[in-house]
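Here are some exercises to work through with the model open beside you. Try each task before reading its solution.

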Amino acid sequence: VFGFAPTDYVILDKYTEQLSAVYKMWNMVSDFYNSKRDWLDGDFKELDGKVIDEMVTDWWKTSYKLSKSLEEDLPGPAACAAKLREETTEFRKNMPVVQSLASKALKRRHWERLSELLKSTIDPEDELTLQTLLNLDAAGHIEEIQEVTIAAEKEYNLEKNMNAMIKEWQSIEFEVKAYKE
């Protein structure tokens, strides 16, 4: 419009490429700390152990790669990535508790058994958080907890299969005919 030659912004592309790793790292740090707060203090019944494990594992792996790739050029962000790696490593210790207790298969009788194990009344209908369970040393009793949850999962699968059979057989009609007399 003014007769000037278009400005070449090649340098911006170069900076965008250089800063993409830092941008990724800062977003990961933010996501981890926000999610960690939600997981620890949020409603335990809403937790999905599989999704949490995938996210934490991804942050754990990526933070290690980022700390190594940023080490020479950007030591500050590399240190942040290393700190994220430490934090995710520490949080991963809680994953067996999350995966075991955040199960839809646990019924009141299972929670009563878990209450006995942890020597405290645990009612999933009350406000229950991961932090509460960790404070009760659920991680220290993980083997006993896993026994209860494995039994609950097996019962749940049997019930589910039985209900599916009942539903399938409801539409079947058996004809009975007289045999001889």
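This is a predicted model: local features need pLDDT of at least 70, side-chain atom pairs count only at pLDDT 80 or more; totals for chains, interfaces and linings use all residues.

**Exercise 1: the span of H2**

Compare the span of H2 with the one expected at 1.5 Å a residue.

*Solution.* H2 has 22 residues; helices are DSSP runs of H or I, at least four residues, numbered from the N terminus.

Residues are numbered from 1 along each chain as its sequence is written, and side-chain values use heavy atoms, leaving out hydrogens and water.

**Exercise 2: what covers H2**

Find buried residues of H2 and what covers them.

*Solution.* Buried means under 20% relative accessible area (1.4 Å probe, protein chains only). Among the buried residues are Ile52, Val56, Trp59 and Leu66. Their cover includes H1, H3 and H4.

**Exercise 3: H1 against H3**

Work out how H1 and H3 are arranged.

*Solution.* Start with the axes, lines fitted to C-alpha atoms over the stretch in contact (heavy atoms within 4.5 Å). Those of H1 and H3 come within 10 Å and cross at roughly 30°. Angles under 35 degrees count as roughly parallel, so H1 and H3 are roughly parallel to each other. Residues making the contact include Phe32 and Trp39 of H1 and Leu84 and Phe91 of H3.

Notes: Helices (H or I, at least four residues) and strands (E, at least two) are DSSP runs, numbered from the N terminus. The expected span of a helix is 1.5 Å times one less than its number of residues. Buried means under 20% relative accessible area, exposed over 50%, partly exposed in between (1.4 Å probe, protein chains only). Axes are lines fitted to C-alpha atoms, for helices over the stretch in contact, and angles run from 0 to 180 degrees between N-to-C directions. Angles under 35 degrees count as roughly parallel, over 145 as roughly antiparallel, 65 to 115 as roughly perpendicular and the rest as oblique.
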